[in-house]
Amino acid sequence: METVCIEPYFNTSSHGELMGLGFRTSQGMASSENVLEWVQKDKRRMLHAVYRVGDLDRTIKIGWSVDLYYLSEIWLNQGEKFKKLDGLLACGMKLLRKKDVPDYKYTIAMMGYADEHETTVLELTYNYGVTEYTKGNAYAQIAISTEDVYKSAEVVDIMTKELGGKITRQPGPIPGLSTKITAFLDPDGWKTVLVDHIDFLKELGKA
C-alpha cells in the first residue's frame with residue numbers, strides 16, 4: 001500500500017497577500033474538504049496526559065504506583081490498621097517505564113493501569129532542578145474510579161501523612177447527587193478525585 005503524505009501550504013496572491021490555507025499530498029493537491037473527511041476516519045486515541053512534578057520518586061510513591069519496599073515499611077509502622085486496607089496504595093497505577101534524558105535534563109515516568117498500547121496513561125515529568133510549579137487556575141483535577149472511596153481515603157491518609165499532600169474532601173456523596181467521592185492533593189499540589197465506580201456507572205445509566 002502506498003503511503004500518502006499530507007502537508008499544508010499557503011495560497012498567496014501575486015502581491016504576496018495570504019489568501020488561505022491549502023493542502024498537497026504525494027499524489028498531488030488535496031482540497032481542505034478531502035482532508036477534513038480524512039481526519040474523521042483517522043484512527044486516533046488519547047495517549048497520555050502530563051504532570052510536571054518536583055520529586056519524581058516521591059510522586060510515584062504517593063499513589064501512582066506500588067513500591068513494595070515502601071509498602072513493607074508502612075506495614076511495619078501501621079500494623080493491624082494497614083492490614084485491613086484492601087487493594088493497592090492510593091491510585092494504584094503501575095510504573096510502566098521510566099526514562100532519564102540527561103542531555104536535555106529531564107526524566108519521565110509513564111504510569112497506568114495497563115500498557116500504553118492498550119489504554120491512556122499518565123506521564124510524570126521531572127525537569128532537573130525544578131522543585132515546584134505554579135498551578136494557575138485552569139487545572140481542576142483528574143478522576144479515577146475506585147470500588148470503595150472510604151477505604152481509598154484511608155490509604156490516601158496514610159500516604160499523605162508519610163510523604164506530604166492532604167485530603168481535601170472526606171469520602172461521601174456529592175451534594176445533590178448520590179455519587180460518592182474523596183479528593184486529595186499530592187505533594188506537588190495536583191488534585192485527584194477518587195470516584196465510586198458503581199455510582200459513576202449509575203450516572204451514565206449503565207448500572
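Predicted model: local features only at pLDDT ≥ 70, side-chain atom pairs only at ≥ 80, totals over all residues.
Visitor: Where is confidence lowest, and where highest?
Guide: pLDDT is the predictor's confidence in each residue, from 0 to 100. The chain's mean is 78, with 71% of residues at 70 or more. Helix H4 (residues 80-83) is lowest, at a mean of 44. Strand E9 (residues 166-173) is highest, at 95. Helices (H or I, at least four residues) and strands (E, at least two) are DSSP runs, numbered from the N terminus. Residues 79-89 stay under 50 in pLDDT.

Visitor: How many salt bridges are there?
Guide: Side chains of opposite charge can pair when their charged atoms come close. The rule: a side-chain nitrogen of Lys or Arg within 4 Å of a carboxyl oxygen of Asp or Glu. The count is 6. One of them joins Asp57 and Lys98, with closest N and O atoms 2.9 Å apart. Asp57 is in helix H2 (residues 56-64) and Lys98 in strand E5 (residues 94-101), 41 residues apart.

Visitor: Which parts does the Arg97 and Glu116 pair tie together?
Guide: Their closest N and O atoms are 2.5 Å apart. Arg97 lies in strand E5, and Glu116 in the loop between strand E6 (106-112) and strand E7 (121-127), so the bridge ties together parts 19 residues apart in sequence.

Visitor: Is Asp199 buried or exposed?
Guide: Buried means under 20% relative accessible area, exposed over 50%, partly exposed in between (1.4 Å probe, protein chains only). Asp199 is buried, at 6%. Its salt-bridge partner is Lys180, at 2.8 Å between closest N and O atoms. Lys180 is partly exposed, at 22%.

Visitor: What does the side chain of Thr146 make a polar contact with?
Guide: A polar contact is a pair of N or O atoms within 3.5 Å; within protein, one must be able to donate a hydrogen and the other to accept it, and residues adjacent in sequence count only if both atoms are side-chain atoms. Thr146 reaches the side chain of Ser152 at 2.8 Å. Thr146 sits in strand E8 (residues 142-146) and is buried, at 13%.

Key. Residues numbered from 1 in each chain as written. Heavy atoms only, no water. Contact = heavy atoms within 4.5 Å.
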